[in-house]
Amino acid sequence: MKSYGIVAVFDNAEDLIRAVRASYAAGFRRMETYSPYPVPEVDSFLPGWELLSPVAFISGVAGGVLGFGVQYYIAVALYPTNIGGRPLNSWPAFAVIAFEMVVLFALLAVFASALFFEKLPRLYQPLYRTPDSVERLRDRFALCIEATDPLFFSKHPYSFLTSLDPLHVWQVTYD
Amino acid sequence: MTPHTPNTGAQTELERAEPAGRVREPGFTFAGLTDRVAQLVLRPQVPLLWLTIFNLAIAACCMFSVAVTVLLDVGVGTMGNNIPVAWALPIANYVWWIEIAVGGSLLSSILRLARQDWRSSLNRISEAVTLAGICCAGLFPILHLGRAWLLYWTLPYPNTMSIEPNFRSPLIWDVFGLFTYATASLLFWYLDMLPDLAAVRDRARSRTAYLVCGVLALGWCGSATQWRVQEKASILLAGLLTPLVFTIHTVVSLDFATALVPGWHSTIFPPYFVDGAILAGLSMVSVLAVLIRRAFALQTIITRRHFDNLGKLMLTTSIILAYVYVMEPFTAWYSADGYDMFTVHYRATGLYAWTYWSFIALGIGVPQLLWWTRNRIRPARLATISVLVIIGMWEERYMLMVTSLSRDFMPSAWAAFVTTAEDHALLYGSVGLFLAVFFLLVRLLPVCSIYSVRESLLLNEAGRRGVA
């Protein structure tokens with residue numbers, strides 16, 4: 001049975017934060033916490049990075065360029081209409097749809113990258129494999145030290161986590 | 001135990017009703033809240049109030065589908081539209097529904113950025129109002145087209161006819177704007193709902209509920225990474241939706257403002273429409289919040305403080321509308337433009353003066369009752385005021401359309417407009433469609449943003465205890 005990690009369940013957020021601090025101090029780095037609502041205090045101790053704002057910005061710019069470009073091409077090259085000799089490149093009018101395209105592309109990018117960095121859709125979660133574990137984790141605050149941590153096999157995370165006085169501790173396996 | 005506040009005699013009625021100034025009621029646990037909201041989704045029984053209104057809404061939807069079939073089969077002559085009043089009820093309905101949708105978005109997006117935590121209880125309701133409003137709004141421009149099946153001609157697709165849309169027209173801006181707004185609302189709503197869908201999934205007893213919620217929740221497990229990304233994405237999407245809230249109704253107002261018709265060709269239209277949108281939207285959210293609170297017994301989640309805040313926002317926007325309705329006659333008089341002055345005079349005294357004055361009474365006069373706290377915090381009173389405001393806003397849209405078009409530049413082109421049965425059927429049918437979609441969304445999906453309410457409750461508690 002391939003191990004995914006050791007998980008410890010706590011009753012409230014403060015205990016979880018304490019546990020994360022202690023684990024970090026003990027040298028564990030590959031950790032993840034699970035909570036029913038965000039607990040921002042643990043973020044500085046956990047690995048992970050995301051790239052939402054730059055992706056959104058670049059997509060927005062691309063959308064704007066595309067939106068304005070399509071309108072320009074259609075109005076100037078593909079289907080020019082002579083309305084009283086006015087300039088074909090009526091950019092003040094094109095700005096409206098260009099803006100809408102900026103917003104559309106940016107939000108599509110935010111949505112897609114949010115799902116990507118949240119690792120969703122992921123319908124198989126090793127932690128929630130059994131009904132028992134679902135019951136224990138519901139509405140609780142869990143800390144999981146993952147098997148990919150370099151100290152996992154040397155520092156005995158099971159006994160370490162038990163020493164932090166959680167509600168439950170168990171090993172999570174892949175099957 | 002509630003802390004004792006000494007009665008100094010200078011307390012407001014709200015303070016007497018809510019001594020601790022808290023946003024939620026006591027005796028309230030996090031898990032209990034999640035269980036309550038999840039059970040509302042999972043249990044097979046529905047509240048009687050919900051069932052009654054939903055059935056009426058479905059009946060109205062049936063009427064709507066008959067009306068739409070008649071319209072598409074027989075043609076736009078079944079409606080009262082004529083020349084010169086070529087834009088009448090369909091466009092009035094379109095603007096009205098977009099207004100209602102925009103108000104819901106304001107609550108979700110702008111108040112999110114302003115870190116107004118009280119909005120978290122009303123989040124789902126307002127987003128459902130937005131989505132249902134967009135459904136109804138999007139239908140009307142399609143239906144009034146005459147050849148509705150040729151709607152795709154408004155898009156710049158390569159075609160054998162060698163024609164392209166005119167990007168200088170606000171009507172095309174509308175197409176893109178509405179599509180962007182619909183996508184934005186849908187994605188914002190769905191992303192925000194993932195944690196709540198996961199909470200429902202974790203409490204599901206039946207296989208179907210588990211599978212459906214499980215697939216919809218995409219496997220959300222509440223890890224710190226996911227919460228971090230969620231917070232960031234939520235702020236970004238709210239930040240993107242905010243300019244959209246303002247621009248979408250600005251673009252709708254430009255449908256009128258860029259036209260030369262007297263009474264429409266005014267630079268006050270964009271802010272005027274946006275302000276009216278916020279008023280109409282918040283009124284709809286208020287009414288539906290009162291109904292849903294009653295139907296689902298959410299008194300501990302949607303409290304009097306929410307109604308107080310909604311009432312204050314409604315009052316503010318109605319005062320701005322009052323300003324607009326003073327500035328329009330003033331600008332017309334100041335411009336010394338005969339056509340504008342006539343339009344102002346005609347609106348107040350002509351054939352359709354009843355719409356003008358009923359709007360002044362319902363849209364500007366009635367919200368002034370919200371100066372008094374008891375009218376804001378008593379749900380029944382707020383709901384009544386909100387319904388009257390919504391009706392008033394429709395009167396306003398109707399007045400704008402019909403008065404300017406029926407009496408424009410040339411007297412030889414003047415004609416009256418009369419509504420037909422088809423017009424009424426489409427209007428009331430769309431109300432039915434809106435209510436049906438809204439009630440489905442609040443029944444089948446979590447009715448309040450569970451994790452957001454829990455978060456704001458935590459912050460509230462921490463603030464009161466003086467904890468950083």
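Select Y339(B) to begin: this residue is partly exposed, with a relative accessible area of 44%, where partly exposed covers the range between buried (under 20% relative accessible area) and exposed (over 50%), computed with a 1.4 Å probe on the protein chains only. The model is a predicted one, in which local features need pLDDT of at least 70 and side-chain atom pairs count only at pLDDT 80 or more, while totals for chains, interfaces and linings use all residues. Residues are numbered from 1 along each chain as its sequence is written, chains are lettered from A and ligands numbered from 1 in the order in which they are written, and side-chain values use heavy atoms, with hydrogens and water left out.

Y152(B) is partly exposed at a relative accessible area of 40%, and Y157(B) is partly exposed at 26%.

Because Y339(B) lies in helix α11 (residues 338–349) of chain B and F409(B) in the loop between α14 (379–406) and α15 (421–444) of chain B, the pair ties together parts that are 70 residues apart in sequence. Helices here are DSSP runs (H or I, at least four residues), numbered from the N terminus. F409(B) is partly exposed, with a relative accessible area of 38%.

Move to helix α9 (residues 269–296) of chain B, where 28 residues at 1.5 Å a residue should span 40 Å and the end C-alpha atoms are 39 Å apart, which agrees; the expected span is 1.5 Å times one less than the number of residues. Of the 28 residues of α9(B), 25 are buried, so the helix is largely enclosed by the rest of the structure. Just after α9(B), select A297(B), which takes a positive phi of about 55°.

Finally, select Y272(B), which belongs to one aromatic cluster with residues including W87(B), F256(B) and W357(B). R397(B) lies over the face of Y272(B), at 5.8 Å from the ring centre, the criterion being CZ of Arg or NZ of Lys within 6 Å of the ring centre and within 35 degrees of the ring normal.

Notes. Helix = DSSP H or I, 4+ residues; strand = E, 2+ residues; numbered from the N terminus. Phe/Tyr/Trp six-rings, centres within 6.5 Å; stacked < 30°, edge-to-face > 60°.
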